[in-house]
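Please load the model in your viewer, with the sequence panel open beside it, and follow the stops below in order. Each stop says what to select and what to look for there.

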Amino acid sequence: MEAYVVFKDLAIILITAKVFGIIARKFKAPQVVGMIIAGLLIGPGVLGWVQQTDFLAKMAEIGVVLLMFSAGLDTDLKELVKTGPIATLIACAGVFVPLALGALLYMAFYGVAAVGTEEFYKAVFIGCIMTATSVSITVQALRELGFLKGKVGTTILSAAIIDDIIGIIVLTFVIGFKNPESKAGVVVLNTVLFFIFAIVVGFISYKVFKIVDTKYPHTRRIPIIGLAFCFVFAYVAEEFFGIADITGAYAAGIMLCSIRDSHYIEEKIDINSYMLFGPVFFASIGLKTNIEGVNGELILFALAFVVVALVSKIVGCGLMSKLCGFNGIDSLKIGVGMMTRGEVALIVAQKGLAVGLMSDEYFTAVILLIIVSSISVPIILKLLYAKSPEEAHA
């Protein structure tokens, strides 16, 4: 493909994402819903105007990293610490229930498998895909609604970060049965080391940024250095600790959320995200969808897969939230907020394909789950907050 073709693709993505974002807003839905629908329409599954490429995939990855960095910057650190233990319990329930129900779903379609057999591990892997939570879309929806910094929003963010860490550990256990070189203990150790590293480096970075911010307040060098810091931490998380880059980006944002110019950094980052990287990320979800070669059995499995994946998060996270003291409507908000799946589910599915735990025909079900959850969650959250709003935070 000629290099200049990417300019055509970007122009189509930006225009259609904006147009459908405006249409979504006219229908009182978050703009991200329109952007995802735009990606679906212009992608290979419908009109075929834009094909998913490595370049667009990298652009989308930058988009989700920037979103999570902004979410970290917009986090109330005191509220995050306060919700930490509760978020851990919610995350554990949000992993266990989808893992169990996902495995049972596979066995319901393809027969009960004995523990230790190939089919048993495939069934457990289907559950592993369901454990992944991607809050990028939830984050954007809550930001548009003005409730990201509320207790519910902070709990969702915290639980989702912990959820993915637990999910990765579970995935490592499952893959270990296929690949003896994969050691779960190493993953656990790396995860602990990453958070120790983040705390130490975060404290030092906070002090350094505070000094620079005092000496050069409200200057462009602050957000530029902050953006570089975000990218470095996203890289370090993946390269040296095996932790998702979005976790590193979110951690970087939290490290800087208490400096005086944190909102100034967020404002400048949002320009890049809003103008280019954000629309590419949300549209890329639709671009990944290809409906060719789908048969009746696969459609039935995919529909059941989506329903179980969505309901299991509401049941697991919602019930645990209720047990942790949230009222009924806020528990439902947390359960719904944890339903979204995105890049983490795709990464898990791709790893399963690589080690033979899943065949490529089931990838359609994963894509359908991402599409349905990405479109439905912002709409449901909007309805829930309209019925029972928290104190709004800009």
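A salt bridge is counted here when a side-chain nitrogen of Lys or Arg lies within 4 Å of a carboxyl oxygen of Asp or Glu. This is a predicted model, in which local features need pLDDT of at least 70 and side-chain atom pairs count only at pLDDT 80 or more, while totals for chains, interfaces and linings use all residues. Residues are numbered from 1 along each chain as its sequence is written, and side-chain values use heavy atoms, with hydrogens and water left out.

**The whole chain**

Begin with a cartoon view, in which the chain shows 15 helices and 0 strands; helices (H or I, at least four residues) and strands (E, at least two) are DSSP runs, numbered from the N terminus. Of the 394 residues in the chain, 55% are buried, where buried means under 20% relative accessible area, exposed means over 50%, and partly exposed lies in between (1.4 Å probe, protein chains only). If you switch to a surface view, the accessible surface of the chain comes to about 17200 Å², and 69% of that area belongs to carbon and sulfur atoms; the areas come from the Shrake-Rupley method with a 1.4 Å probe, and for residues only the protein chains shown count as cover. Among the contacts with a sequence separation of 6 or more, 81% join residues 24 or more positions apart, a contact being heavy atoms within 4.5 Å.

**The nonpolar core**

Next select Phe69, Phe125, Ile129 and Phe305, the residues with the most contacts inside the largest nonpolar core, which has 124 residues. Helix H15 (residues 363–387) supplies the largest share of this core, namely 12 residues. A nonpolar core is a set of buried Ala, Val, Leu, Ile, Met, Phe, Trp, Tyr and Cys residues joined through side-chain atoms within 4.5 Å. Centre the view on Phe69 and, leaving out residues up to four places away in sequence, look for its contacts, which include Gly226, Leu227, Cys230, Ala249 and Leu256.

**Three salt bridges**

How many salt bridges does a search of the whole structure find? The search finds 3, and they can be visited one after another. Side chains of opposite charge can pair when their charged atoms come close.

Select Lys8 and Asp9, whose closest N and O atoms are 3.5 Å apart in a salt bridge. Lys8 counts as partly exposed because its relative accessibility is 43%, whereas Asp9 counts as buried because its relative accessible area is 3%.

Move on to helix H5 (residues 118–131), where Lys122 and Glu119 lie 3 residues apart, about one turn of the helix. Their side chains meet in a salt bridge with an N to O distance of 3.7 Å; Lys122 is partly exposed at 23% relative accessible area, and Glu119 is partly exposed at 31%.

**Helix ends and a buried lysine**

Now select Thr53, in the loop between helix H2 (31–42) and helix H3 (54–73). Thr53 counts as buried at 17% relative accessibility, and a polar atom of its side chain lies 3.1 Å from the backbone nitrogen of Leu56.

Finish at Lys313 in helix H12 (residues 296–323), which counts as buried at 0% relative accessibility. A polar atom of the Lys313 side chain lies 2.9 Å from the backbone oxygen of Thr131, and, leaving aside neighbours within four places in sequence, the contacts of Lys313 include Gly94, Pro98, Asp163, Gly335 and Arg341.

Terms used. A polar contact is a pair of N or O atoms within 3.5 Å; within protein, one must be able to donate a hydrogen and the other to accept it, and residues adjacent in sequence count only if both atoms are side-chain atoms.
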